[in-house]
Every structure is written in C-alpha cells, then in structure tokens.
Amino acid sequence: MADDKAGLLERVRESVTTAPSKMRKSQFWESVFRPGSPFRAGYTDSPRGRSYVIMNNVLYHLHPVKVKRHGVRLSYTLCLGGLSFFLFIVLTITGIFLMFYYTPSEERAYADIEALATSVTFGTLIRNMHRWGAHLMVLTVFLHMSRVFYHGAYKPPREFNWIIGVVLLLLTLLLSFTGYLLPWDQLALWAITVGSNMGAFAPVIGNQVSYVLLAGVQISGATLLRFYVLHVLFLPFVIVIFMAVHFWRVRKDGGISGPL
Amino acid sequence: MEELIAQAAAATGYPASMVERSAAARAKAEGTTIEAVLAGWAGVEVPAAGAPAPAPAQAPAASAAPAGASMSLDDLASAAAEKSGMPAKLLMRSATAKAKAQGVAVEAVLAEMAGVPVPTIGAPAAAAPATAAAPAAAAAPAMAPAPEGVRTQRLLTVVKSKAIQQVKTEPVDKVNTWPHLVAAEFVALMAMTAFLLVLSVIINAPLLEAANFNLTPNPSKAPWYFLGLQELLSYFDPQIAGVLIPGLIGLVGLGAIPYIDRNPATRPSERKFAIMMFTFFLMGAATLGIIGSFFRGPGFNFTYPWTDGVFFDDLLDWLE
Ligand code: HEM
C-alpha cells in the first residue's frame with residue numbers, strides 16, 4: 001500500500017515535471033511559435049538563434065536582425081522615437097476604453113466625462129492616463145526632434161525622413177488639439193476657440209479651413225462631432241501610415257545615424 | 001571553296017559568312033581541312049583540290065599497342081573507370097558520345113581515359129559513324145584531342161565585377177537586436193508605463209464647469225503647446241504671429257532644414273552655427289511658452305505667478 005502510494009506520487013511528479021517540455025513539443029505550441037522562437041523547444045542562445053528570434057518574428061517589421069552597437073546605448077536615441085510610438089499605442093488602448101463611455105453630442109459629452117469619475121471602474125485612471133499620455137507624447141515627439149537635430153541625423157540620406165517627421169509632429173499636435181475639445185467643459189471650449197481663432201488669420205485659405213474644421217463659423221455641437229471623428233478615426237489613421245513610412249525609412253536609410 | 005561555302009550555307013540554312021567562320025574553327029579543332037568540313041555539311045564529295053593539310057594530330061598509335069591492343073571494350077571501360085573513379089557505365093556513355101562527336105572509335109576514347117595505348121581496331125568501330133567525308137578516314141582513327149592552343153569555347157564578353165556589385169559600405173560594429181536592443185526598449189517601455197501610471201494616480205485631469213458660450217473665462221488660454229504662439233499674438237499683428245511665424249518658420253522652415261544646412265558634418269564641434277541657431281529657436285519657443293503659460297493672467301496681462309497665482313488650467317488639480 002505504501003509502495004503504491006510512493007509509486008503514484010512518483011508518477012505524478014514525473015508527469016508534472018515533463019509536462020512543460022511535452023507541451024513545447026506539441027503541434028499546437030509549434031504552430032503558434034515559428035521556428036527560431038525562444039519559446040520553442042530546442043532554442044539555443046547562439047548568434048544564429050538570436051538572429052532567428054527577429055527574423056522569424058513579427059518584430060522583423062520593426063527591427064533588423066542586427067543594429068549598430070552605438071545605437072543600442074540608451075544615451076544615443078534616449079529611446080525618444082520609440083517612446084513616442086509606445087505612447088501612441090497606450091493612447092490608442094486607453095482611447096478605445098474611453099470611447100465606450102463617451103457620446104460626442106452637446107447634451108451628453110460633458111456628463112459622460114463626469115460619469116467616468118463616478119460610475120465607471122477605473123474611469124478616472126484611464127482618463128488621466130489618456131490625458132497625461134497625450135501631453136507626454138507631444139513632449140517626447142518634440143524632444144525626439146531635438147535629439148535628431150543635435151545628432152545631425154537629418155543629413156543625407158535622411159532628409160526626407162525629417163520631413164515625414166515634421167508631418168508627424170503636426171499630426172501629433174492636431175490629435176492633441178482635436179482631443180482637447182471633447183470634454184466640452186469651459187477649458188475645452190475656450191482653449192479651442194482661442195486656438196482656432198489663430199488659425200483663421202491665415203491669408204486666403206484661413207476662413208475656409210476654419211469653416212471646414214469647425215463645421216461652421218463658430219464652435220457648436222457640429223464642431224464637437226467633427227473633432228471627434230477627426231480625433232478617433234481620421235488622424236490616427238493618417239498618423240499610422242506616416243509612422244509606417246517613417247520607420248521604414250529609418251531602416252532603408254541605413255539604420256540609426258551615427259556614431260558622431 | 002566559294003562554291004562549297006555556298007553549298008554548305010544552302011544545306012544548313014545559315015549565312016555564308018558564318019558557315020565559313022565556323023568551318024574554319026571546326027577544321028582547326030579537328031585537324032582536318034576546311035573543305036572537308038564544308039563538304040561534310042554540304043553533303044557532297046570532298047574536292048580533290050589542294051592536298052589536305054596534314055592533320056596536326058598525333059600519329060595514330062596503331063603501330064605500337066602492346067597492352068591496349070588485346071583489351072576488349074569492357075576491359076577498357078573498367079580500366080578507365082578505375083583510373084577516374086567514375087562508374088564504368090557512365091564512362092561508357094560519355095565515351096560513346098565523345099567518339100561520335102569527334103568521329104573516332106570508342107576504344108580510342110576509352111583508352112585515352114584509361115591512360116593506356118590506343119588499341120588497334122580493324123574496322124573503325126561501328127559505334128562511331130565517323131564524319132561522312134573521306135579525309136576523315138585519314139584523320140579520324142587518331143583520337144584528336146584539340147590541338148595545342150585551340151580552345152573549343154569562345155569568349156563572348158567580359159563583365160567586370162564592379163558592374164554587378166559595388167561594395168560601398170565599410171563594415172560597422174553591430175550587435176544582435178535580440179537581446180540587446182529589445183531589452184533596452186523593454187526597460188524604457190516599463191519605465192514610461194510606471195511613470196504614466198504614477199502621474200495618473202496622483203494628478204487628476206482637469207474638468208471645469210460645462211461649456212458655456214455666454215461665459216468667456218478670463219484669461220482664455222489655448223492648449224499649452226500653442227501658448228507660445230498666443231504669447232506672440234500679444235506682440236505682433238495676427239498675420240505675423242498667427243500665420244507667418246508658425247506657418248513659414250515653424251512648419252516650412254523646419255521641414256527645409258536638411259536642404260538649408262548643407263554641411264555634411266555631424267560632429268557637434270564642426271557644426272556650431274547650426275546648433276546655435278536651433279538652440280536659439282528652442283530657447284525662444286520655450287521662453288514664449290513659459291511666459292504664456294505662467295506669466296499671463298486676466299486679460300492676458302503680465303503677472304507674476306508667485307504674487308497673483310498661476311493661470312494654467314491644465315495643471316489645475318496639481319496646483320490646488
Ligand atoms: C509621432 C511621432 C514620431 C514617432 C513615433 C517617431 C519615431 C521614430 C523612431 C522609433 C525612430 C528610430 C530612432 C529613435 O528612436 O530615435 C525615429 C527616427 C527618426 N525620426 Fe522620428 N518619430 C516621430 C516624429 C519625428 C519628428 C517630429 C521628426 C523631425 C522633425 C522625426 C525625424 C526622425 C529622423 C530624421 C529619424 C532618423 C534618426 C536617426 O537615424 O538617428 N521624427 N523616429
């Protein structure tokens with residue numbers, strides 16, 4: 001009897017300890033992780049293995065297999081471009097969360113934002129993250145631009161990527177600006193009023209542009225809907241396309257610039 | 001000769017000039033006369049004219065063939081196979097083909113492969129339906145390896161290696177993205193997440209009273225990244241402060257930087273002017289932004305934040 005018990009225990013222990021390696025060899029596991037993945041059985045930490053981790057992975061869309069040694073040092077890029085991108089992703093996630101609770105209408109907008117604090121779990125936290133994340137993104141994009149300038153990283157062959165960067169800066173500002181109106185409180189209304197009044201001074205096209213953006217000569221409920229669509233759909237769509245080209249050009253222009 | 005060329009050209013369907021060129025090459029390679037080759041192609045009797053040039057080929061080894069003479073085809077094949085290390089069957093096939101192409105006996109080819117003297121054979125081997133024309137008989141039995149100095153391939157063109165691949169870049173010091181770069185990015189990402197979470201827990205986003213078109217707050221300020229521009233508006237005409245400076249200098253000028261700054265250097269000490277200009281630009285923007293944010297109160301008049309308080313609603317929660 002005691003022997004039986006010990007034998008059973010032994011068997012249980014064995015199947016528990018071998019389960020992970022069995023699982024890693026299963027068809028399901030191998031279909032999920034492509035050859036070369038460090039999660040697959042038989043991965044070896046060799047230069048070849050390390051190359052495969054990138055090459056056989058979705059990461060290959062963002063990174064080459066090898067990068068210049070100085071580019072890896074945090075002190076070179078300060079990761080500012082990468083952080084801008086990461087903040088954009090955080091903003092997308094928190095933004096989708098907020099969209100569940102927000103209605104872009106004159107009657108509902110303000111009440112919906114107020115309700116985030118009182119009747120939505122983590123509502124305040126997510127709203128705060130979205131707001132501070134947006135401010136931080138404007139900041140990191142700006143700092144990224146400065147770091148690129150001080151490294152002279154806009155010089156041939158990277159001139160055009162700098163221009164794409166300027167478009168990204170403009171789009172980032174526009175995203176932030178259109179989002180600013182959405183809470184529909186006094187701060188939102190009058191900051192956007194002041195901001196769009198500045199734009200209307202542009203010669204020739206100023207009034208037309210302002211009319212199209214505001215959906216009228218003045219801010220109204222129609223403006224709210226217009227800014228909302230621009231903010232959650234149009235501008236993110238456009239900025240993603242420009243980011244894709246931006247990253248692609250970083251690769252094609254020979255990777256990160258430098259060393260100085 | 002002319003006539004023969006014309007006949008051969010007619011028979012083969014190739015231009016006469018090409019037929020002549022290739023007959024000359026063939027004759028040289030096989031050690032026969034041009035006429036013989038041409039006659040073969042044209043399918044006519046070889047003209048008796050001109051003594052056929054003596055073939056430079058080695059004299060037939062027929063006279064002295066002590067070893068090879070007694071060997072059968074199979075023996076020769078296996079001897080050749082042993083020497084070259086290739087299967088006898090393959091050698092047999094290739095010897096047959098070669099013999100046919102050159103108009104000599106299979107034995108001769110095999111013997112040469114095996115490195116033994118060429119055996120004497122009665123009738124030229126049936127396997128080799130030698131070149132039709134007569135002089136072939138004189139030249140054929142002797143295996144005719146291409147005479148010295150004759151190549152059977154032609155040089156078509158010379159492609160310089162540079163035209164195909166240009167090595168432009170010097171080798172650079174690189175490291176694997178995984179794990180070096182990915183690890184650094186992961187750390188940056190976690191740090192940013194932590195920072196954002198802490199910030200969001202301790203400071204609440206502002207939410208004032210509901211929008212009211214009839215109640216203009218005093219001061220009314222733009223979002224902070226436009227406050228530098230709003231500050232400019234209090235010095236200049238709106239056409240200048242609201243259009244010229246942000247549009248022309250801010251956007252167009254910024255985008256044109258790579259085309260204005262033609263200095264190829266990236267080392268800071270070699271581009272002092274560019275760095276100075278950009279730093280001025282940054283400082284100017286920051287100064288205007290800070291004044292607009294913290295030193296402007298009701299009526300957008302100048303105030304000191306430490307005497308009159310801060311009029312900057314973005315940080316309302318934190319300031320209280
Ligand atoms: C949404 C905004 C932006 C994102 C997400 C972004 C992202 C990135 C990333 C990930 C890199 C790789 C190197 C690094 O992290 O520094 C990069 C490089 C670069 N960026 Fe941006 N960027 C943005 C805006 C800008 C702006 C505003 C400019 C300039 C006006 C700019 C110009 C460049 C240039 C020239 C490079 C190549 C730098 C080098 O090779 O060293 N980018 N960007």
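Is A:T103 buried, partly exposed or exposed, and what is its relative accessibility? I opened the notebook with that. The model is a predicted one, and I kept that in mind throughout.

**Entry 1: A:T103**

I located the residue before anything else. A:T103 sits in a loop of chain A, between helix 6 (80–99) and helix 7 (109–119). Its relative accessibility came out at 25%. Buried requires under 20% and exposed requires over 50%, so A:T103 counts as partly exposed.

Next I looked up its contacts. I set aside the neighbours within four places in sequence; A:R108, A:A109 and A:D112 are in contact with A:T103. With A:R108 I found a polar contact, side chain to side chain, at 3.3 Å. I also checked A:T172, which is 69 residues from A:T103 along the chain. Their C-alpha atoms are 23 Å apart.

**Entry 2: the ligand**

I moved on to the ligand and listed its surroundings. There are 27 residues around it, and the nearest are A:H144, A:R147, A:G165, A:H246 and A:S257.

Then I went through individual atom pairs. The side chain of A:H144 places an N or O atom 2.8 Å from a ligand nitrogen. The side chain of A:S257 has an N or O atom 2.8 Å from a ligand oxygen. At A:G81 it is a backbone N or O atom, 3.3 Å from an oxygen of the ligand.

Which elements give two or more residues to the shell? I noted helix 6, helix 8 (123–150), helix 9 (159–181) and helix 12 (221–252) of chain A. Helix 9 supplies the largest share, seven residues. By type, I recorded 14 nonpolar, 11 polar and two charged residues in the shell.

**Entry 3: helix 2 of chain B**

I turned to chain B and checked the length of helix 2 (residues 16–30).

Last, I looked just past the end of the helix. There B:G31 takes a positive phi of about 75°.

Definitions and conventions
Residues numbered from 1 in each chain as written. Chains lettered and ligands numbered in written order. Predicted model: local features only at pLDDT ≥ 70, side-chain atom pairs only at ≥ 80, totals over all residues. Heavy atoms only, no water. Helix = DSSP H or I, 4+ residues; strand = E, 2+ residues; numbered from the N terminus. Buried < 20%, exposed > 50% of the residue type's maximum accessible area, 1.4 Å probe, protein only. Contact = heavy atoms within 4.5 Å. Polar contact = N/O pair within 3.5 Å; in protein donor to acceptor, adjacent residues only side chain to side chain. Near = heavy atom within 4 Å. Nonpolar A, V, L, I, M, F, W, Y, C, P; charged D, E, K, R; others polar. Expected span 1.5 Å × (residues − 1).
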